[in-house]
Amino acid sequence: MGYTGRKKEVSKSINLCWRNILSGIIIAVFVTTTCLGSMVMAEGKLKPVSEAEFKKGKDVYDKYCAVCHGEEGDGYGELAHALYPKPRDFTKGQYKIRTNATGSLPTDADLIHVISVGIHGTSMIPWDILELDQIKSMLPVLKSFSEAWQYREPESPIAIGREVPSSQQSIARGKELYEQKECWKCHGENGHGDGPSSYDLADEWEIPIQAYDFTRASKFKGGATNHDIYLRFSTGMNGTPMPSFANELSDEDRWSLVHFVKSLAEQKEGHGHGE
Amino acid sequence: MNNIKNLRFFLSACLLAMAVLFSGVAQAHEEEKKPYVPRKVDIYEGFPDWYKGVFADNVGLKEGSGLFKDHYKPPFMHMYMYPGRHYEPPTRFDHSIFIEKERRDLCIRCHETINTGAIEDWKTSAHYNPRKTPIIARKTKIIEDSIGKEISVVDCFDCHVDTEKKQIRLPTAGDCSECHARQVTEFASEKNHGRPNHIQTLESNVLVPWYQESYRRGLMAGNAGCDMCHGATDKCDPCHTRHSFSAAEARRPQACMSCHMGPDHPDAESYSESKHGIIYELEEEHYNFDKPLAHVMVGEEYRTPTCQFCHMYQGGGTFTHNFVSKGIWRMGTVPPSNIEYESSLKDYPYGIKIIPPKIDIYSDENLDKRDKWIEMCSNCHSPRFAAGWLTQMDDYMFQANKLTDQAQKVIDDLIADDMLYPSPAERDIYPGGDWLADVLPAELLGEGVWNAFKSTGGKIPVIGPILGVYAMFYQGDGNPTHIETSYAKMWFWYKLQGYKGYAHVQQDIMWWWGQSPMLQELGNVQSEARSMRRAAAIEKVLAEIGKPVSHYTSKSTASAEELDYEENR
């Protein structure tokens, strides 16, 4: 089966056969410029990688990832049926855990981060067990699964506003916003993930999903630090009903929401039912 | 004087210094820790060499178990039921990277969303918290001292990783014995008392030719009903269920009940509906299952006994994981040597070495066992009452065996007069009858039986204890006949149900599931025999007047080779 990188190279070589040397040079210059351009932009569109490099990444992917995410990256690996939440289908180019604006593709750093720390509450373990090189080698493979990477570029990470320290006041403000912005509709009045809309939530793959239960303390998918949670409020979770509030709420308000939802977990822990 | 005093002081100071130094050295020596090397109990120790080769050596799913291993292929689930012999590590995902890098933490991270129940179960266990209660903490201390290793947690790695082969394993009793050596040794000692016992459950599952016959006939999936209980051989979790492995749970009578029930041994039914079981059910919350059996205050903490309390008792106030050491009648299938037989039962076991000989109920060993029972019962009952009950139970068994003898005689005579219809020559073979004599040597089968199998290819009648039980496990063309099935039910179901009713003191089971249906089946045997004799007499007359009856003949007359059974794999 082909992968995007390889398909591109093949078509280029056919082009060269058709053209005369002059057009060849023009194309070569064009290609080089594009490549250079994307290298300069660092996060550019699909960076061409050599076949050998790609294979190296694919081998790592096949050995450790394909059993869940599928050899074609479609989320239908051999073990997928046993898993819930389901493994990510990479073919839509939708990634939940990012540091950039809603709807964007993730940055390379985002991908590396998620692979390295894993996703709590799922079977995605922290793959820090692999060498950083191995993780990096897989990025072109992940990108080859979706056409999105050919047409779009990941946006730069959003600016993170200075954290407002948690206080009674900010928690109260967060609670106000939680009601105002109707977070409770999915996440429930007390944050148990049992709001009225929580019963028929589905993601873009039409797989039923559950609104996060904030009392589960440290199981936030994208990480449980204030900074992590702030990012979820500011970047949304692509492919799910969780929107970004970057445009609607001020930095301070988003921090207040962070403090409020964290306080929900602390309440639970206070009752000694934590782990 | 002063000098002497000084000298004395100097000397004692020197001694003290030396002592301190020496103790320091000794301490340093002790602190030099030996690397932890797990020691395992070999549950097959004491068995002959061939035994390990066909029961203990891991072959995955490539071949079966036992002497008949080449006559069936183990179904997939055997790897979980008999892990020692048949387990194969997972193939879909290579776990070796986690083993090599010893990332214990990652097991939970991945599996807690897949097998949430198993992980949460483990978190309630003493493995997760080895100092969960004072009793568990004391036990942990004993284990720590015996293995020379501190235990803070027993995690996935400790049980599920074969550190030598660097692969995932399904823990066996041998693996558990790395820490629980005493319990596993006790459990393994069951084999010293002969079958039935837990250790030889795999053997008794697959060393019966009807097991392989059901494979040949494509009926193997139905054998799961056998496999699930007969997998107690090298597993601890039939009683200490995964993944809480609780001793307290295993002390409850329910721990035994998923296997010890049903028509061949209604232990659960007879105990549960007995006064013992009913009082347990009514006052369950007052029973203290956290305590080891030896420390239970009878009456105060157990108002009535549990399965474990009676069957694990070894006399003298001690309890071990050996459940069979006091067994006299055992499963109740083997005829006693203490009564006279009219039928071919007098020749039991017919020279066959693979089935147990007749039981002498009054042998020294068995009288010794009886004393231990009386000692146990006398915790609450008068010894006279206890001894009286046991004697009356023996009487029931003697009577039941006499009834068995009566039924066997009826069929013996039918066979002798060639009136069993269809006759052994006209019907399907005894299960595996065409290859049995090739696998089992004459020394094991007995000269006579071996010759019979060899010369007829298995077309011989086999009735009664024990090999006649095939009637409950197999139905070939015309074999067994109704009369043989009736007889098998009589001695294998109803005789044993009456026995369990007696042993566990459940009167209704004793009579209505026991003696009453046993008498009914005896009646059926007699009546069926009369019908066969009558039909034979009529046929004889018809033949004499030139009107012979044409018998329906089917493939039953074909030899086993001609049957062309569909291979189910």
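What percentage of the 569 residues in chain B are buried? The answer is 34%. Please keep in mind throughout that this is a predicted model.

Let me begin with the overall make-up of chain B. This chain contains 27 helices and four strands. Its C-alpha trace spans about 135 × 60 × 50 Å along the principal axes.

Next, the domains of chain B. The assignment gives domain 1, covering 247-325, and domain 2, covering 383-558. Taken over C-alpha atoms, the centres of domain 1 of chain B and domain 2 of chain B are separated by 35 Å. Twelve residues from domain 1 of chain B and eleven residues from domain 2 of chain B take part in the contact. On the domain 1 side, two elements each give two or more residues: helix H17 (267-272) and helix H18 (275-282) of chain B. H17(B) gives the most, with four residues. Sorted by class, that side of domain 1 of chain B holds three nonpolar, four polar and five charged residues.

Chain A is also divided in two, with domain 1 at 4-151 and domain 2 at 168-270. Here 17 residues of domain 1 of chain A are in contact with 19 residues of domain 2 of chain A. The side of domain 1 of chain A that touches domain 2 of chain A comprises five nonpolar, seven polar and five charged residues.

How many residues of chain B are in contact with chain A? There are eleven, and they meet 13 residues of chain A. On the chain B side, helix H6 (residues 104-111) gives the most, with three residues. That side of chain B divides into five nonpolar, one polar and five charged residues.

I now turn to one helix in chain A. Helix H3 (residues 51-69) of chain A has 19 residues, and a straight helix would reach 27 Å at 1.5 Å a residue. The end C-alpha atoms of H3(A), however, are only 22 Å apart. Where does H3(A) bend? The bend, of about 55°, is at A:Asp62. Several residues of H3(A) are buried, among them A:Phe54, A:Val60, A:Tyr61 and A:Tyr64. The buried residues of H3(A) also include A:Lys58 and A:His69. After H3(A) comes A:Gly70, which has a positive phi, near 85°.

Finally, the nonpolar cores. The largest nonpolar core has 62 residues. Those touching the most other members are B:Ile43, B:Val184, B:Ile411, B:Tyr470, B:Tyr487 and B:Met490. Which helix supplies the largest share of this core? Helix H25 (residues 482-503) of chain B does, with twelve residues. Both domains of chain B take part in this core, as at least three residues come from each of domain 1 (247-325) and domain 2 (383-558).

B:Tyr487 deserves a moment of your attention in the structure. Leaving aside neighbours within four places in sequence, B:Tyr487 is in contact with B:Ala407, B:Ile411, B:Ile463 and B:Val525. Apart from this core lies another one, of 25 residues, including A:Val60, A:Phe90, A:Tyr95 and A:Ile115.

Conventions: Residues numbered from 1 in each chain as written. Chains lettered and ligands numbered in written order. Predicted model: local features only at pLDDT ≥ 70, side-chain atom pairs only at ≥ 80, totals over all residues. Buried ≥ 20, exposed ≤ 12 C-beta atoms within 10 Å, placed from the backbone. Domains from an automatic or database assignment. Contact = placed C-beta atoms within 7 Å. Nonpolar A, V, L, I, M, F, W, Y, C, P; charged D, E, K, R; others polar. Expected span 1.5 Å × (residues − 1). Bend = angle between axes of the 7 residues up to and from the residue. Core = buried A, V, L, I, M, F, W, Y, C linked by C-beta atoms within 7 Å.
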